[in-house]
Amino acid sequence: MQSEIAQQIKMVILDVDGVMTDGLIGYGGDEKIKFFHSQDDHLIRMTIRAGIPVAIISGRADKANVDHAKELDIGPCYFGALDKLAAFNTLLETQQLSAAECLYMGDDLMDIPVLRRAGIAAVPADGTLEAKEVATIVTEARGGRGAIREVLVALLQAQGKWPSLMARYWVE
């Protein structure tokens with residue numbers, strides 16, 4: 001990740017299905033079942049702790065998505081955002097950010113308009129070919145399998161925040 005571009009990033013914005021999860025959706029009675037990766041979750045918390053807010057723009061408003069965002073203290077969140085670019089523009093306005101100050105991670109066709117505008121556009125290894133074509137970063141990890149962790153570690157390292165965040169884990 002280029003340090004000059006990474007230095008400008010003030011917010012991370014994530015899609016849910018295919019990024020925070022592997023994109024599979026299971027049905028069990030009345031609830032949809034989704035699986036989130038604990039290592040991704042931990043890096044989301046570390047990123048927030050480092051002073052970089054994490055937001056969500058998702059086309060789905062599933063209870064699992066909403067509950068998980070609350071659990072991780074992610075916000076602002078735009079669930080049920082069928083026009084992700086409109087949600088992105090609203091987020092920029094309400095948070096007083098420029099597109100260049102945002103890292104967006106998406107995986108599919110509906111993410112492309114936002115990926116094209118964001119300062120850093122990240123796509124998991126198993127994202128669609130079309131999304132990968134506009135990405136500035138394509139991870140080695142798949143969505144819901146460490147892709148978020150991979151991007152956030154690179155961002156925090158490029159911003160020089162990684163050593164201080166890691167200090168708490170190296171206590172002897």
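Biologist: What should I know before starting?

Modeller: The model is predicted, so local features need pLDDT of at least 70 and side-chain atom pairs count only at pLDDT 80 or more, while totals for chains, interfaces and linings use all residues. Residues are numbered from 1 along each chain as its sequence is written, and side-chain values use heavy atoms, with hydrogens and water left out.

Biologist: Which residues of H7 are buried?

Modeller: Buried means under 20% relative accessible area, exposed over 50%, and partly exposed in between (1.4 Å probe, protein chains only). In H7 the buried residues are Ala147, Ile148, Val151, Leu152, Val153, Leu155, Leu156 and Ala158.

Biologist: How many disulfides does the whole structure have?

Modeller: A disulfide is a pair of cysteine sulfur atoms within 2.5 Å. The search finds zero.

Biologist: How much space lies in the largest pocket?

Modeller: Rolling a probe the size of a water molecule over the atoms shows where empty space is left. Here the largest pocket holds about 220 Å³. Of its 13 lining residues, Asp15, Asp17, Arg60, Lys84 and Met110 are the closest to the centre. A pocket is an open set of points on a 1 Å grid over the protein atoms alone, where a 1.4 Å probe fits, with protein on both sides within 12 Å along at least five of seven lines; lining residues have an atom within 4 Å of a point.

Notes
Helix = DSSP H or I, 4+ residues; strand = E, 2+ residues; numbered from the N terminus. Points joined across faces, edges and corners; volume = space filled by probe spheres on them.
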